[in-house]
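Take a look at the sequence and the 3D structure below.

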Amino acid sequence: MMNITFPDGAVRQYETGVTALDIAKSISEGLARKVLAAKVNGEVVDATRPITTDATLQLLTWTDTDGKSTMWHSSAHLMAEALEALYPGVKLGIGPAIENGFYYDIDLGGRTITEEDLRKIEAKMVELSKQNSVYTRAEISKADALKYFTEKGDEYKLELINDLQDGTITFYTQGGFTDLCRGPHIPNTGFIKAIKLTNIAGAYWRGNEKNKMLTRIYGITFPNQKELDEYLALVEEAKKRDHRKLGKELELFTFSEKVGLGLPMWLPKGALLRERLQRFLQEAQIETGYLPVVTPHIGNKNLYVTSGHYEKYGKDSFQPIHTPEEGEEFMLKPMNCPHHCELYKASPKSYKDLPVRFAEFGTVYRYEQHGELHGLTRVRGFTQDDAHLFCRPDQVKEEFMKVIDLVLFVFESLGFKNYTAQVSLRDKEDRSKYIGSEENWELAEQAIIESAAEKGLPTVVEYGEAAFYGPKLDFMVKDALGRKWQLGTIQVDYNLPERFELEYIGADNARHRPVMIHRAPFGSLERFIAVLIEHCGGKFPLWLTPTQVKILPISDKTQEYAEKVAAALKKADIRAEIDDRSEKIGKKIREAELAKIPYMLVLGEKEATDNLVAVRRQAKGDLGAMTLEQFTALVNDEVVNRKPFE
RNA sequence: GCUGUUGUAGCUCAGGGGUAGAGCACUUCCUUGGUAAGGAAGAGGUCGAGAGUUCAAUUCUCUUCAACAGCUCCA
């Protein structure tokens, strides 16, 4: 007998060699029908693997992330089985589970696959899943493994096996399909009830562009049709909220081939929104002790030689600008830090001056790869809400706390309620690649961990993810559709103060090196606005939205009254527009609704006579008539409190 | 940068070897209408660009540019 400890702490005794599935059955049949895999002593394994020692056990179902990925991994195998049936001789690369579903990289040997073929493969998968084939695990020697795939003629699997240690190799078989796989897998194919193959793409074997390009088929599966339908609806909704589409529809920004790719241009409505956002952060920053600075868009090449960026990124950047003077070279600034370092050096600093916080909405230019450009989220020219804090090592924590406060204030004001923080620290083993003293790193890493904890941030710590110049903390937000985006970032930097020989005079009258902290709550205005657009589906909070009110006179007869109302709103600092076309009120309302204008004022003779406005709220409908004062108060309340659109 | 798909009016898209079409938007006129599309007329495109095949190309072929999806990359 052995002791099995459950997540709630309960301990029960079972026969040695019992499986997680057996244990589930002993609890209830219903539970057993839902168990996809099990976590035994923290390791995810097949629910059908015998347990031979005392262990902690967590039964994994569809509601667990590990349960989902086990199912998706098994689905990849199911797809491979279907592919072998439909395309004899197909060679298989790798087929893992991913965040939303799974993929398999395959070599079709000259054949191609179309969208219609995906439907065929899906049908085959459904057929195979209904056979309830059991996924069986087999430990196999390296020699036998090689023999199997040599006979099968699959060079990709052979390459994978060659990299594996003998004695650690396992095969999984379901139905007529056997694959090299570490597992784990779900008990049988019958768990896979709803299948959707989503798209086809090319992918290099092992992610290396020198290798052959394989066909990658993406798919997702669910334990029932309802969840698949919900997922597909979510994908549809995401398409509707695509910031590139909404940006065009709401006339926020545009691109021009003539201007150049990856260089967004802001249309009046977008520029207004952007400026409001900028002012909002600027005000918050000034309150927190930041000092606004302005630096030029270009810098002498030597600036970047000093910073080290020229050596590291020079070849892959916009190339230097040459002047009529021989030998002079300037570069478009790819970041603001070097300029700010030089600002720091403009005057000698005492320890009493620190921290110094230079803030600038700095537009920078980076030569991103062509294929990488994407809407506003990946561009070649963008504006960072940048600031650099120069402080003493003992001030790092306090500064971090303040920056976290600022970032959270920004998120809260814009309706991002769901966020996590990723703390990126040094590699635990290899510390050779990091610049800066052990002592300072330790201080900064602790400061980050502590300040995140003290602020109650949900945090993930990643070792080895720190930049060579310092540890960092990145904020990931989840938007209204549950998609994750990386926005704000706070990074400690030991490199640039060194390279620029930044100093301050300490209380001991000796020279010391300040610590530099880079931080950007938005990340960049472009990226942040893109995420904001998708988060709110184009329905911006009233305080940000370009047009707050659309005034809709019912006929020409009330045109004059409409203008009077417009003037009054303008005076009250409310952004309103009149729709004075000779269209029917129904049409004017429809268009204002589609343009996602928060408030509409329907003005007819009744309102003009009584000196009232009939208020309509976007997506909500008629709110009834009120006085202009009441309406202004309503709007101001929403603006001042930065309420979300709803 | 690599692979694939796409490129027709301001937008969304149809068409197809014999020099183009719809809806919306736009202009003008009629209509003055009370909470999600009133009516009529008109204007607007050398079918992404370049080359080739052909009597003839927007349609076929090649090249190129751009967008999209994925891969690689991201100070």
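## The RNA surface

In this predicted model, a backbone N or O atom of Glu605 lies 3.2 Å from a base oxygen of RNA strand B. This is a polar contact (a pair of N or O atoms within 3.5 Å; within protein, one must be able to donate a hydrogen and the other to accept it, and residues adjacent in sequence count only if both atoms are side-chain atoms). The side chain of Gln369 also has an N or O atom 3.0 Å from a base oxygen of RNA strand B.

## How the model is read

Residues are numbered from 1 along each chain as its sequence is written, while chains are lettered from A and ligands numbered from 1 in the order in which they are written.

## The whole chain

Chain A has 20 helices and 33 strands. Both are DSSP runs, numbered from the N terminus: helices are H or I with at least four residues, strands are E with at least two. The C-alpha trace spans about 85 × 75 × 60 Å along its principal axes. Of the 646 residues, 49% are buried. Buried means under 20% relative accessible area, exposed over 50%, and partly exposed in between (1.4 Å probe, protein chains only).

## Two helices crossing

The axes of H9 (residues 268-287) and H13 (residues 396-413) come within 11 Å and cross at roughly 145°. Axes are lines fitted to C-alpha atoms, for helices over the stretch in contact, and angles run from 0 to 180 degrees between N-to-C directions. H9 brings Phe280, Leu281, Ala284 and Gln285 to the contact, and H13 brings Leu406, Phe409, Val410 and Ser413. Contact means heavy atoms within 4.5 Å. By class, six of these residues are nonpolar, two are polar and none is charged.

## A buried serine

Ser451 sits in helix H14 (residues 438-454). Is Ser451 buried or exposed? It counts as buried because its relative accessibility is 0%. A polar atom of its side chain lies 3.2 Å from the backbone oxygen of Ile448. Beyond its neighbours within four places in sequence, Ser451 is in contact with Lys397, Phe400, Met401 and Ile404.

## Backbone exceptions

Most residues other than glycine have a negative phi, and most peptide bonds are trans. Asp573 is not a glycine, yet its phi is positive, about 65°. Asp573 lies in the loop between helix H17 (559-571) and strand S30 (576-578). With 64% relative accessibility, Asp573 counts as exposed.

Leu354 and Pro355 are joined by a cis peptide bond, with omega about -5°. Pro355 is in the loop between helix H12 (337-344) and strand S20 (356-365).

Definitions and conventions: Predicted model: local features only at pLDDT ≥ 70, side-chain atom pairs only at ≥ 80, totals over all residues. Heavy atoms only, no water. Nonpolar A, V, L, I, M, F, W, Y, C, P; charged D, E, K, R; others polar.
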